[in-house]
Amino acid sequence: MSGKDRIEIFPSRMAQTIMKARLKGAQTGRNLLKKKSDALTLRFRQILKKIIETKMLMGEVMREAAFSLAEAKFTAGDFSTTVIQNVNKAQVKIRAKKDNVAGVTLPVFEHYHEGTDSYELTGLARGGEQLAKLKRNYAKAVELLVELASLQTSFVTLDEAIKITNRRVNAIEHVIIPRIERTLAYIITELDEREREEFYRLKKIQEKKKILKEKSEKDLEQRRAAGECQEQQIL
Amino acid sequence: MLEGAEFYFNVDHGYLEGLVRGCKASLLTQQDYINLVQCETLEDVKIHLQTTDYGNFLANETNPLTVSKIDTEMRKKLCREFEYFRNHSLEPLSTFFTYMTCSYMIDNVILLMNAALQKKSVKEILVKCHPLGRFTEMEAVNIAETPSDLFNAVLVETPLAPFFQDCMSENTLDELNIELLRNKLYKSYLEAFYKFCKNHGDVTAEIMCPILEFEADRRAFIITLNSFGTELSKDDRETLYPTCGKLYPEGLRLLAQAEDFDQMRRVAEHYGVYKPLFEAVGDGSGGKTLEDVFYEHEVQMNVLAFNRQFHYGVFYAYTKLKEQEMRNIVWIAECISQRHRTKINSYIPIL
């Protein structure tokens with residue numbers, strides 16, 4: 001995944017400035033994402049704890065409810081067909097609301113009652129007390145189930161979000177930032193080398209110029225010496 | 001004319017009485033219940049039941065064994081015995097049997113009416129009807145469009161017709177709440193049954209009338225108890241009380257005015273039979289509920305019915321005791337299968 005690659009860019013001082021800015025940006029981005037990931041993980045753990053508690057409670061409540069069904073059947077006889085027959089509209093309904101955690105929207109379910117109890121008079125002649133207890137137990141079970149449902153959907157959504165965020169953090173940390181740093185290093189080495197080249201060229205030119213100057217001075221002296229002799233001859 | 005039933009009872013009904021006494025002897029005893037309570041799984045329960053009169057009634061059941069299968073098989077056995085008695089009976093015992101089946105018929109009719117009103121398929125409901133309450137016009141229920149059609153075409157042929165006439169006129173059949181209808185039918189049924197037994201006179205009246213009076217009063221108490229906190233008005237409540245019991249007429253009037261359990265208890269204290277029953281009711285979740293106490297009393301009265309000969313009450317008592325036994329076995333089986341053994345001893349002991 002990490003190769004020896006760097007961003008292809010012409011090394012210049014401007015490029016260096018740009019790269020430095022990008023590096024800073026990448027680091028800030030990585031820190032922000034890490035914070036988001038931490039917040040999500042914190043919420044995740046809380047939800048996990050609550051799910052465990054609710055599930056244990058659920059086991060107990062369901063057991064209690066099933067037993068109260070047996071008790072009611074003992075006293076009231078078989079009322080299941082009557083109950084099934086009279087079903088029309090739901091009494092307990094669910095509303096879905098949204099909750100926001102560090103930018104991730106989680107669905108939350110909330111139950112509400114609607115309408116009156118259409119089974120108020122069932123078991124009027126026998127077993128009414130047990131039936132009332134049964135209704136209460138199962139109502140409690142339904143409420144717990146709704147809560148468990150919201151917890152579990154949040155759990156799944158958060159899990160996805162955390163995975164994505166962590167992937168991004170890792171990508172920035174292990175791919176983007178090293179690449180920018182490598183590019184920066186490359187630019188710096190190129191610039192240094194160029195400077196050294198410039199320096200060397202300058203030095204070489206200075207040498208050449210010195211040689212030329214010496215040569216031309218020597219020439220001048222020779223010519224002057226020859227010139228004096230000529231001047232003296234003429235005189 | 002001599003009233004001595006012992007002179008000519010055995011001519012018509014002696015065989016059946018002997019048969020029912022034999023069946024009664026094979027009800028589960030306390031020892032059987034102790035064995036059942038100690039079972040760990042439903043398979044153990046099945047093995048224990050094989051040693052009793054139930055025999056191999058679960059032999060053809062495939063795994064896994066569930067409580068509902070046990071219940072269905074026991075009910076089939078009871079129905080077989082009941083049908084046998086009924087088919088071999090002569091008048092007036094056959095009318096007596098018809099009266100006994102009326103209570104199941106009422107439940108079935110309510111189920112069918114509900115299904116027809118909601119335009120649901122009647123076939124599935126027919127399976128769920130109580131087998132003892134079968135009557136020949138059952139399949140014809142779904143041709144009726146409105147409840148009054150239902151009444152005119154179908155129900156007028158059944159033994160339930162006079163009870164419907166007592167309860168209502170035709171046009172109120174629609175709005176009436178199903179539960180109120182059920183209880184009103186039961187009230188007329190109970191009163192008719194009571195009159196029949198009383199007119200028959202003799203030992204039957206001596207045995208059956210107290211049982212039916214207790215049933216009527218018990219219904220009055222339970223209806224009152226269960227209607228606290230519901231939207232059932234006091235007048236409606238009063239129309240549901242059967243009038244053939246000891247509480248009629250002052251007790252019923254007082255009960256209709258009662259608002260909570262203590263007022264009910266005070267009404268009961270005027271009657272010597274019911275005072276000790278109410279005192280046996282525990283408070284809250286620890287002790288027995290009123291319904292448990294009533295069940296125990298009913299079982300006691302049914303067992304005592306077997307102490308006298310030459311009356312029809314033995315058949316009624318046997319059926320009720322057998323049903324109670326079925327309920328007990330189902331209760332114990334449920335406790336075992338749900339591993340909730342704290343209340344496993346709350347069955348009603350019979351013998």
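1. Between chain A and chain B of this predicted model there are six residue pairs in polar contact, both partners being at pLDDT 80 or more; a polar contact here is a pair of N or O atoms within 3.5 Å, where, within protein, one atom must be able to donate a hydrogen and the other to accept it, and where residues adjacent in sequence count only if both atoms are side-chain atoms. The elements that give two or more residues to the side of chain A that touches chain B are helix 1 (13-76), helix 2 (80-85) and helix 3 (128-234) of chain A, and helix 1 of chain A supplies the largest share, nine residues. Helices (H or I, at least four residues) and strands (E, at least two) are DSSP runs, numbered from the N terminus.

2. By class, that side of chain A divides into eight nonpolar, 10 polar and eight charged residues, with Ala, Val, Leu, Ile, Met, Phe, Trp, Tyr, Cys and Pro counted as nonpolar, Asp, Glu, Lys and Arg as charged, and the others, Gly among them, as polar.

3. Residues and chains follow the written order, with residues numbered from 1 along each chain as its sequence is written and chains lettered from A. As this is a predicted model, local features need pLDDT of at least 70 and side-chain atom pairs count only at pLDDT 80 or more, whereas totals for chains, interfaces and linings use all residues; side-chain values use heavy atoms, with hydrogens and water left out.

4. With contact taken as heavy atoms within 4.5 Å, 26 residues of chain A are in contact with 39 residues of chain B. The area buried between the two chains is about 2,900 Å², of which carbon and sulfur atoms give 53%, buried area being the accessible area (1.4 Å probe) that two parts lose on being put together, summed over both. In chain A, F74(A), Q85(A) and L124(A) lose the most area to chain B, together 28% of what that side buries.

5. Two salt bridges are found across the interface of chain A and chain B, and a salt bridge joins the side chains of K73(A) and E334(B) (4.0 Å, N to O). Within chain A, D5(A) pairs with R182(A), the closest N and O atoms being 3.5 Å apart; this pair links distant parts of the chain, with D5(A) in the segment before helix 1 and R182(A) in helix 3, 177 residues apart.

6. The largest cavity has a volume of about 80 Å³, and its lining includes M100(B), Y186(B), F193(B) and K320(B). The largest share of that lining, four residues, comes from helix 9 of chain B, and by class the lining has eight nonpolar, two polar and one charged residues. On a 1 Å grid over the protein atoms alone, a cavity is a set of points where a 1.4 Å probe fits but cannot get out, and lining residues have an atom within 4 Å of a point; grid points are joined across faces, edges and corners, and a volume is the space filled by probe spheres set on the points.

7. Some backbone geometry also deserves a look. A cis peptide bond joins E91(B) and P92(B), with omega about -10 degrees, and P92(B) lies in the loop between helix 4 (67-87) and helix 5 of chain B. The peptide bond from Y248(B) to P249(B) is also cis, with omega near -5 degrees.

How values were computed. 1 Å grid on protein atoms, 1.4 Å probe; cavity = no way out; pocket = protein on both sides within 12 Å on 5 of 7 lines; lining within 4 Å.
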